[in-house]
Amino acid sequence: MDNNKNINKPERLDKILTSTGRWSRKEARNLIQSGRVRVGGGIVRNPAAKIETQTQTQIMTGGDINNLNINNKNNNLIFVDGELILYRREIWIMMNKPAGYLSATEDGRGAPVVLDLLTPELRKLNLFPVGRLDKDSEGLLLLTNDGQLAHKLLSPKYHVEKIYYIRVSGRLIESDITALKSGEMRLDGKLCLPADLKILKIHAFHKNQDKNKNNLSGELKAELKTGLEPELESEALLILREGRYHQAKRMLAALGKPVLYLKRVKFGNLPLDPDLKPGDFRFLTDEELNQLSRRS
């Protein structure tokens, strides 16, 4: 899919202002008609004036505002009361979702949702999460208002990979890798697409010990000599190519290795930005968005 398709399609000026979430359509029209909106160096008073929005898109996704010639009458930059307005037809945001938030736009019972973490302006732009992370799960979550590309990214037809760091109860072994990769596991009576599992570490400990104190290499043998059976936990990377309900947790539970912790670290070719702390978010760059588009 070419996500830059129709990027130069003209939009009504009042619609552009309204799309920022800062003004209603009526307020946008009043701003324009009162001469407070400048486009390409000149005042525009017609709310229905069609403006090409490519420049705003480039700025929103990483352009250098300081290097722009804002007095160029052909650049179509939009200013309200002297403030540059950044507009983009489709908005894509990367969030590092923290635990405790639902991957939803709202919750009837009043539980916190990921949109609560956005600014008031962004919450008005009809953004929604691309897929879901469980309430107690963390990591990379995409938010957008681009339903077409979001649908393709989530469709099993395109096999877009999602990579999760997981910690499970028990010892992951080679047969678990084989079972997930076979494509023969069923959830709700339907076959799952083959999934990949890369085992990272195995920890052995007793209930009264620090879980991070000992690992399987050498320590497990010492524990077994005492006659005390240690508890085991495993760390791994899980790669899924579909997004079914609680899929990661249900697949590992079927193997007798319930998930204790889950964090999505990659979506398609897009890794979680290490600079984003839990609850932080940022806009995708043009390059990142093009990478996502190529995977659909």
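The dialogue below takes up a pocket and then a strand.

Tutor: This is a predicted model, in which local features need pLDDT of at least 70 and side-chain atom pairs count only at pLDDT 80 or more, while totals for chains, interfaces and linings use all residues. Residues are numbered from 1 along each chain as its sequence is written, and side-chain values use heavy atoms, with hydrogens and water left out.

Student: How much space lies in the second largest pocket?

Tutor: Rolling a probe the size of a water molecule over the atoms shows where empty space is left. A pocket is an open set of points on a 1 Å grid over the protein atoms alone, where a 1.4 Å probe fits, with protein on both sides within 12 Å along at least five of seven lines; lining residues have an atom within 4 Å of a point. Here the space is about 450 Å³, a volume being that filled by probe spheres set on the points, which are joined across faces, edges and corners.

Student: Which residues lie nearest its centre?

Tutor: They are Arg132, Leu133, Asp134, Arg244 and His246, out of 22 lining residues. Helix α7 (247-254) is among the elements supplying at least two, and gives the most, with three.

Student: Are the residues of strand β7 buried or exposed?

Tutor: Strands are DSSP runs (E, at least two residues), helices likewise (H or I, at least four), numbered from the N terminus. Buried means under 20% relative accessible area, with a 1.4 Å probe and protein chains only. In β7 (residues 92-97), six of six residues are buried.

Key. Buried means under 20% relative accessible area, exposed over 50%, partly exposed in between (1.4 Å probe, protein chains only).
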